[in-house]
Amino acid sequence: MSEEQLKAFLEKVKVDTSLQEKLKAEGADVVAIAKAAGFSITTEDLNSHRQGVCDDELEGAAGGTFCWPGPVGSW
């Protein structure tokens, strides 16, 4: 996964309410949701890129209610 894939996924989430709803669901699998939407994102990529994505981007990506609960493996 590249930074471009992650940014592209976040941009798509900003405008796609169905993706927003999927990400808001308890126990949402971000990797699976991204893959189903056509993006190549792994758990390791999310964990390593977590610091590179500001909280404002994450909040805006899911309509202001998306919460990044910590390392992906802990879900």
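1. Crossing of α1 and α2. In this predicted model, where local features need pLDDT of at least 70, side-chain atom pairs count only at pLDDT 80 or more, and totals for chains, interfaces and linings use all residues, helix α1 (residues 3-15) and helix α2 (residues 17-24) have axes that come within 5 Å and cross at roughly 105°. Axes here are lines fitted to C-alpha atoms, for helices over the stretch in contact, with angles running from 0 to 180 degrees between N-to-C directions. The two helices are therefore roughly perpendicular to each other (65 to 115 degrees; under 35 is roughly parallel, over 145 roughly antiparallel, the rest oblique). Helices are DSSP runs (H or I, at least four residues), numbered from the N terminus.

2. Residues of the contact. On the α1 side the contact (heavy atoms within 4.5 Å) is made by F9, K12, V13, K14 and V15, and on the α2 side by T17, L19, Q20 and L23. These residues divide into five nonpolar, two polar and two charged (nonpolar: Ala, Val, Leu, Ile, Met, Phe, Trp, Tyr, Cys and Pro; charged: Asp, Glu, Lys and Arg; polar: the others, Gly among them). Residues are numbered from 1 along each chain as its sequence is written, and side-chain values use heavy atoms, with hydrogens and water left out.

3. Length of α1. The 13 residues of α1 should span 18 Å at 1.5 Å a residue, and the end C-alpha atoms are 19 Å apart, which agrees. The expected span is 1.5 Å times one less than the number of residues.

4. Faces of α1. L6, F9, L10 and V13 are the buried residues of α1 (buried: under 20% relative accessible area; exposed: over 50%; partly exposed: in between; 1.4 Å probe, protein chains only). They cover an arc of only 100° around the axis, which puts them on the same side of α1; the arc is that of the directions from the helix axis to the C-beta atoms. E4 and V15 are exposed on the other side of α1.

5. Face of α2. The residues L19, Q20 and L23 are buried in α2. Their directions fall within an arc of 105° seen down the axis of α2, so they line one face of the helix.

6. L23. This residue of helix α2 counts as buried at 8% relative accessibility. The C-alpha atoms of L23 and A34 are separated by 9.6 Å, with the two residues 11 apart along the chain.

7. V30. Helix α3 (residues 30-36) contains V30, and V30 counts as buried at 4% relative accessibility. Between the C-alpha atoms of V30 and T43, 13 residues apart along the chain, the separation is 8.4 Å.
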